[in-house]
Amino acid sequence: LSGGGISTDGVSKVKDGSEDDPYSAYQLNGRFGFDVNDNTEVFFIGYYNKADTDYDGYVNGKYADTEDNVKTTSYTSILGLTNAPFAWWNHKLTVSYGSVHRDYNDGSDYKSYLTTAQWRHNLLYKDINTVTVGAQWQQEQGDYSSVWDSISKKTVDTLSFYLQDQLKVLEGLYLLAGIRNDNNDDFDDELTWRVGASYTIAGTGTIFKGTYGTGFKAPSLYQRYSPYGSTDLEPEKSKGWDLGVVQNLWNKRIKLGLTYFNIKTDNLIDFDLNTWKYKNIDEVKSQGLEFYAQAHLLPWLGVDFSWTYTDAQDETTDKDLPYNPRDKGTLGVRLSPWSDRLNIRVWALYVGDRYVDAANTGEVDSYVTVNASATYKITNWLSVYGNVINLFDEDYVEIQDYNTLGLSGFLGLRADF
């Protein structure tokens with residue numbers, strides 16, 4: 001059982017605004033389980049969140065110092081059963097219900113509800129073969145009302161079936177294949193699939209891996225019928241592949257990874273910051289490289305580094321997607337100077353230049369921020385933790401004409417019972 005909250009006067013969301021935009025949020029989460037026997041567990045998971053957010057809106061084609069506000073309340077409850085009647089068979093059954101209520105200060109509100117049920121089975125043959133088969137049902141509901149108009153409750157059901165097989169062909173070589181069929185009330189049947197392989201060279205600790213597959217994502221009712229929605233949205237359909245290599249060194253104290261990815265998406269669902277509406281982008285190609293390095297130099301010292309280069313373009317216009325940096329990276333240091341009682345992490349984040357519009361006529365600059373976090377265990381059940389964001393008070397923006405926080409600090413207590 002855990003809970004938390006934050007309240008801040010904030011800063012003006014719009015650049016050079018005259019009034020601050022406060023924010024507060026509170027949450028409560030819990031998981032309760034009961035072991036019926038050695039092979040069976042019944043559990044309940046619950047989430048509750050409440051937030052109050054002021055923000056600056058969009059007036060006459062530009063961001064303005066408005067007094068917009070949205071109050072959001074959400075909860076999710078999950079009831080589940082896990083059971084392993086035999087060594088070669090285990091399964092998991094879950095049902096869930098959740099709700100999100102967004103109440104805007106202009107008198108409009110949007111309520112959404114999500115009900116799901118899923119039954120997943122794993123069939124195992126020694127360590128050679130694992131077959132996963134399952135079914136999932138999802139019902140999404142939503143309604144919108146305002147002082148100008150209203151939309152009565154909309155309902156969309158999706159019934160899905162999936163099958164996956166992971167096979168150990170020989171020592172170090174694994175193959176993976178899976179298919180999934182989604183039947184959506186509004187968008188009919190869609191069959192997607194994925195294949196993959198990985199091979200480990202035992203003598204060097206080198207791992208080669210790759211996947212190829214297709215994807216499908218229907219727009220949510222919020223994206224279609226909320227104040228920011230568009231009823232003309234079409235589902236996303238994608239296909240992509242990746243190839244990667246992982247190398248372990250120095251008795252696995254150093255780990256290096258490099259992956260190339262290539263994804264083509266039709267009808268990409270995106271949020272247009274100029275119209276404040278969801279929209280489809282006809283054809284998008286995203287390709288790039290991801291590199292990471294992790295090093296445990298000493299028992300109390302670790303270093304990590306990651307870098308991603310992404311070329312994401314609208315294939316129709318040959319322009320970069322707005323607010324998608326080509327370069328993004330992190331460099332961090334982890335310290336545990338006092339066994340496990342004190343843990344410190346300091347990391348730098350780099351985000352490259354980004355275009356601000358689909359025509360690529362304007363840019364926001366790259367930036368670097370330095371951040372830190374620490375946890376100190378006072379007793380076995382009580383800890384104090386803190387975060388410092390933007391340690392050197394870097395002046396930067398993520399969205400043009402929208403502010404970001406300067407030097408900020410957070411301090412809290414955590415109790416475990």
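Q: In which strand is Asp54 found?
A: This is a predicted model, in which local features need pLDDT of at least 70 and side-chain atom pairs count only at pLDDT 80 or more, while totals for chains, interfaces and linings use all residues. Residues are numbered from 1 along each chain as its sequence is written, and side-chain values use heavy atoms, with hydrogens and water left out. Strands (E, at least two residues) are DSSP runs, numbered from the N terminus. Asp54 belongs to the strand that covers residues 40-55, namely S3.

Q: Which side chain of opposite charge is nearest to Asp54, and how far away is it?
A: Lys and Arg count as positive and Asp and Glu as negative, whereas His and the chain ends are not counted. A salt bridge is a side-chain nitrogen of Lys or Arg within 4 Å of a carboxyl oxygen of Asp or Glu. Asp54 is buried (buried means under 20% relative accessible area, with a 1.4 Å probe and protein chains only), yet has no salt bridge. The nearest side chain of opposite charge is Lys71, at 6.4 Å.

Q: Which side chain is joined to that of Asp54 by a polar contact of 2.5 Å?
A: A polar contact is a pair of N or O atoms within 3.5 Å; within protein, one must be able to donate a hydrogen and the other to accept it, and residues adjacent in sequence count only if both atoms are side-chain atoms. Contact in general means heavy atoms within 4.5 Å. Leaving aside neighbours within four places in sequence, Asp54 is in contact with several residues, including Lys13, Asp21 and Pro22. The polar contact of 2.5 Å is with the side chain of Asn69.

Q: Why does Gln141 count as buried?
A: Gln141 lies in strand S9, residues 129-145. Its side chain makes a polar contact of 3.3 Å with the side chain of Thr155. Gln141 counts as buried because its relative accessibility is 17%.

Q: How many bridges join strand S12 to strand S13?
A: Two strands pair if DSSP finds at least two bridges between them. S12 (residues 188-201) and S13 (residues 206-217) run antiparallel, and Thr200 stands opposite Ile207 in S13. The two strands form a hairpin with four residues between them, where Gly205 in the turn has a positive phi of about 75°. The number of bridges joining S12 to S13 is eight.

Q: Which residue in S14 is the bridge partner of Gly213?
A: S13 pairs with strand S14 (residues 236-249) in the antiparallel sense, over 12 bridges. The bridge partner of Gly213 in S14 is Gly240.

Note on methods:
Buried means under 20% relative accessible area, exposed over 50%, partly exposed in between (1.4 Å probe, protein chains only).
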